[in-house]
Amino acid sequence: DIEDAFDDADAWFAQEEADIYTPSLTLWAFLSQVLHKEEQRSCLAAVSRVMVLLVALGRQPCVRNNGAYCKARAKLPEIVIQRLAIRVASGCEKEVPKQWLWKGRHVKLADGTTVSMPDTEANQNVYPQQASQKEGIGFPIARMVVLLSLATAMLCGMAIGPCTGKETGELALMRQLLDQLDEGDILLADRYFCSYFMIALLLERNVDFVARLHHARKEKTYRVKRLGKGDHLVEWSRPSKPPWMDQATYDLMPEVLTLRQIEVQVTEPGFRVESLVVVTTLTDPTQYPQADIAKLYHKRWLVELDIRSIKCTLAMDVLRGKTPEMVRKEIWTSLLAYNLIRRCMLQAAAESDCSPRKLSFTTAMQKISTCWMVLLQLDEERRIALITRHLSDLLQHRVAHRPDRIEPRAIKRR
C-alpha cells in the first residue's frame, strides 16, 4: 500500500543503498511520534527509536541529531499520507459485515472541530487566531470537518481550513467532502448541516440525509401528507441563490424538496430538550419506521466520541508543526494512525462477531504503541503469535454502555 501511494504521487526519495530515511522508514518514525505523547513525541525521540531499530536489525545506526530525519519528513507528500489514510478506511468499509450496517446501508457521520498549533508567523498567515483575541495572546486555529463511519468508526474523509473569513464554515468544508460519499450512503449530521442546498447536493449524488431541523430555518415549509403522529411529508421551497453558488448550478437545483419531518420525544435524562424535529430524505415509512429514524439520530453522538479519541487519546488537539504544510502532514499522519488502530479493532471484532464500537480505542492504541518496535524484530511465527495475543486481549477490554449524552464534556485547557 505504501509503495502504491508513493508511486501514484511519483514521490520516491532516498533510494540509494546507503540512504537511511527511506519513505517507509520515515513514515514509520512519523507514525511513532503520533502514537506517543509529550516528550516522546519530539523528532529527537523519533530518531532515537530509529537508531534502536536499526541496531536491532543489524544495520548501520543513523546519526544522533534529527536534521536528516526532519528533512526526510518534509519530503513526505501530504497527498501520499492522505491517500493511505483514506485507502485504509475504504478497504475496511467494503468488507464490513452486513449485521454492522444500518438496514444494510452505510451511514457516515459528519461533524466539525478545531485544532490549535504553534504561534508562528507562517501558521498565523494561513490559520489566523480568532478575531476576539488580542495579537500575541491567541494561537493559530484551524477548522476541520470529518466524515466517520457509523459501523467501523473509521475516518473516511477530512477537510481543513481557517476559522475566519468567507467560506470557512463547516458547510463550506462539508461541500469539499461530498465526493467522499458513495452512492447509497446515508449522511447523519447535526442541525448545522441541515440546509436546503446541502440536501439537494446530496440527493444529486444519491446520498440520503438525516439531521435535526435547524432552529433558524426561515424558508417556507408546507405539509404535504401525514404519515403518523408527529410524522409528516413536507415541501421546502428553494431559497435565493447563496453567494458561493454560481448561477448555472443554482438553475440546476430543484425548486422544491419533498422531505420527511419527524417529531422525536426525548425521555432520557441528560438532554436539554424534551422534543426535537428530525429531517430526513428517507420518506418511506414502511421501510424506515419513525422509531428507527429516531434511534438512528440518537447515534449521532458517537461522532463526538470518535473525535474525542482523535483529539484527546491521540493528542491531536494541540499540534507541533511550525508551518501550515507540516501541520497538515501531522494531522493526516494522526488520522492514518487512527484508522490503523481502528483496523486492528475491526480484526478483533470480526473474530468474535461483536461490534468494533464495543472495544476500547485507548487499549488498542496502547497495545500497538508498546509493540511498535518489537514487531519488526520478530520472525514470522513470533510476530503472528504476538498479534494473535493482542487481538484476543482486545476482546477483554470492552467499553461500558454509553447511552446518548450522559458523558460529561472534558474540561478544556486554559
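Mentor: R342 has a relative accessible area of 6%, so R342 is buried. Please keep in mind that this is a predicted model.

Trainee: With which residue does R342 form a salt bridge?

Mentor: A salt bridge requires a side-chain nitrogen of Lys or Arg within 4 Å of a carboxyl oxygen of Asp or Glu. For R342, the closest N and O atoms of the pair are 3.5 Å apart, and the partner is D306.

Trainee: How many residues apart in sequence are the parts that R342 and D306 tie together?

Mentor: D306 is buried, with a relative accessible area of 2%. R342 lies in helix 12 (residues 324-352) and D306 in helix 11, so the pair ties together parts whose separation in sequence is 36 residues.

Trainee: Is D208, the partner of R105 in a salt bridge, buried or exposed?

Mentor: The closest N and O atoms of R105 and D208 are 2.7 Å apart. Buried means under 20% relative accessible area. The relative accessibility of D208 is 13%, so D208 counts as buried.

Trainee: Which residues are linked with D111 in a network of salt bridges?

Mentor: D111 forms a salt bridge with R300, with the closest N and O atoms 3.9 Å apart. D111 lies in strand 1 and R300 in the loop between helix 10 (290-298) and helix 11 (302-313), so the pair ties together parts 189 residues apart in sequence. Both D111 and R300 are buried. The residues linked with D111 in the network are R300 and E304.

Trainee: How many salt bridges does a search of the whole structure find?

Mentor: The bridges discussed here include R105 with D208 and R342 with D306. Over the whole structure, the search finds a total of 13.

Trainee: Turning to the aromatic rings, how many residues apart are W28 and W372?

Mentor: The structure holds nine aromatic pairs. One of them is W28 with W372, which is stacked, at 6.1 Å centre to centre and 15° between the planes. W28 belongs to helix 2 (residues 23-34) and W372 to the loop between helix 13 (361-370) and helix 14 (380-394), and their separation is 344 residues.

Trainee: Is D1, a member of a negative surface patch, buried or exposed?

Mentor: D1 is found in the segment before helix 1 (2-9), and its patch also includes E3, D4, D7 and D10. The relative accessible area of D1 is 66%, so D1 is exposed.

Definitions and conventions:
Residues numbered from 1 in each chain as written. Predicted model: local features only at pLDDT ≥ 70, side-chain atom pairs only at ≥ 80, totals over all residues. Heavy atoms only, no water. Patch = residues over 30% accessible without salt bridge, like charges linked within 9 Å, V, L, I, M, F, W, Y side chains within 5 Å. Areas by Shrake-Rupley, 256 points an atom, 1.4 Å probe, with all protein chains shown as cover. Lys, Arg positive; Asp, Glu negative; His and termini not counted. Charge placed at Lys NZ, Arg CZ, Asp CG, Glu CD. Helix = DSSP H or I, 4+ residues; strand = E, 2+ residues; numbered from the N terminus. Buried < 20%, exposed > 50% of the residue type's maximum accessible area, 1.4 Å probe, protein only. Phe/Tyr/Trp six-rings, centres within 6.5 Å; stacked < 30°, edge-to-face > 60°.
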